[in-house]
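User: I have a structure open and would like to go through it piece by piece. Can you take my questions as they come?

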Amino acid sequence: SLLDSPVEDAAGFHGNDGLDDADIPPASIEIASGHAAEAICSFGTKYTGTLDLVALGPLTNIAVALMLDPSLPEKYRSLTIMGGAIRAQGNTSNYTAEYNFYRDPEAAQIVLSRWPMVTIVDWEISLAYPIDGNNLTRLFALNSERAKFFEKISQKTLTSIENFIVSKEGGYSVADTTGKRIFYAPDPIAIAVVLDSDVITRSEQRYVTVETASGLSRGQSMVDWMGFSGKTPNANLVTEISTEQFLQIVEKALS
């Protein structure tokens, strides 16, 4: 994070390696030299007007890139952010805050204040539109290496989701309420809305900032739903999606 603030990491949810500790061998592609923020700036300059930028984690690198090149928003076609909890149903110990914004609130605040219009796919949209058990089983059963990889790296996450729902439902397991497991897919939804805007069936443009003060609300998404601030909207909030369109994109990607 920009301030190097000590906060919990996501290893408990996604594994220490980010891939569910599923013993996936290291990638054969060599890691490029240099800093990610510099790469964001370089790609923006080299391919001005042709690239869509998607942020699936904390916004530290994009915030630094904006400091290096304040004209960055003019160079990318769009910025889509998976982050925030627009109605304060978070998933961290600061329970009104979503993890990516909570991990680096200063970076999120910088990006939202300097990028004129972003698209936000928040944590709550994944809660509202999970992949249900029947579709999850169908996706895992696709005869492809990608589908096998998806299933392998999803087991720890599925257990985390089940524990989350057991807690939320007051002791009822996923099997008790649905008969099948479910899968929250915030990152795939963010990618899907970039690949096909028809996935979005409802969105609202609002002014959004992030709480950076210390305390229990640090990292909370602050949405001006009623326009009281008088500030120009800076975020297109995805509030409803087409499950059918989304699943078509996921199936195509895994086939």
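**Cores, sheet and side-chain pairs**

User: Which residues touch the most other members in the largest nonpolar core?
Analyst: They are Ile131, Leu139, Phe183, Ile241 and Phe246, in a core of 31 residues. A nonpolar core is a set of buried Ala, Val, Leu, Ile, Met, Phe, Trp, Tyr and Cys residues joined through side-chain atoms within 4.5 Å. Buried means under 20% relative accessible area, exposed means over 50%, and partly exposed is in between (1.4 Å probe, protein chains only).

User: Which elements supply at least two residues each?
Analyst: Helix 7, helix 8 (133-140), helix 9, helix 10 (155-168), helix 12, strand 6 and helix 13 (243-254). The largest share, five residues, comes from helix 13. Helices (H or I, at least four residues) and strands (E, at least two) are DSSP runs, numbered from the N terminus.

User: What lies apart from that core?
Analyst: Another core, of 29 residues, including Ala107, Ile110, Ile120 and Val210.

User: Before I go on, where do the numbers come from?
Analyst: This is a predicted model, in which local features need pLDDT of at least 70, side-chain atom pairs count only at pLDDT 80 or more, and totals for chains, interfaces and linings use all residues. Residues are numbered from 1 along each chain as its sequence is written, and side-chain values use heavy atoms, with hydrogens and water left out.

User: Back to Phe183. What does Phe183 touch?
Analyst: Leaving out residues up to four places away in sequence, Phe183 touches Pro130, Ile131, Leu136, Phe150, Ser154, Thr157, Leu158 and Ile161. Contact means heavy atoms within 4.5 Å.

User: Is Phe183 buried or exposed?
Analyst: Buried, with a relative accessible area of 9%. Phe150 is buried too, at 13%.

User: How many aromatic pairs are there?
Analyst: A search of the whole structure finds five. Rings of Phe, Tyr and Trp (its six-membered ring) pair if their centres lie within 6.5 Å; planes under 30 degrees apart count as stacked, over 60 as edge-to-face and the rest as tilted. One of the pairs is Trp123 with Tyr184, which is edge-to-face at 5.7 Å centre to centre and 75° between the planes.

User: Where do Trp123 and Tyr184 lie?
Analyst: Trp123 is in helix 7 (residues 123-128) and Tyr184 is in the loop between helix 11 (174-178) and helix 12 (186-195), so the pair ties together parts that are 61 residues apart in sequence. Trp123 is buried, with a relative accessible area of 7%. Tyr184 is buried, also with 7%.

User: And why is the pair of Phe150 and Phe183 edge-to-face?
Analyst: Because the planes of Phe150 and Phe183 are at 90°, with the ring centres 5.5 Å apart. Phe150 lies in helix 9 (residues 145-152) and Phe183 in the loop between helix 11 and helix 12, so this pair ties together parts 33 residues apart in sequence. Phe140, Phe150 and Phe183 form one aromatic cluster.

User: New topic. What is the order of the strands in the open sheet?
Analyst: The six strands have the order 1-2-3-6-4-5, with mixed pairing. The edge strands are strand 1 (52-55) and strand 5 (221-224), and each pairs on one side only. Two strands pair if DSSP finds at least two bridges between them.

User: In which sense do strand 3 and strand 6 pair?
Analyst: Strand 3 (residues 118-121) and strand 6 (residues 235-241) pair in the parallel sense over three bridges. Asn236 in strand 6 is the bridge partner of Thr119.

User: Last topic. How many salt bridges are there?
Analyst: The search finds eight in the whole structure. A salt bridge is a side-chain nitrogen of Lys or Arg within 4 Å of a carboxyl oxygen of Asp or Glu. Glu106 and Arg218 form one of them (2.9 Å, N to O). Glu106 is in helix 6 and Arg218 in the loop between strand 4 and strand 5, 112 residues apart.

User: Are Glu106 and Arg218 buried or exposed?
Analyst: Glu106 is buried, with a relative accessible area of 15%, and Arg218 is buried, with 14%.

User: Which residues are linked in a network of salt bridges?
Analyst: Arg202, Glu204, Arg206 and Glu240.
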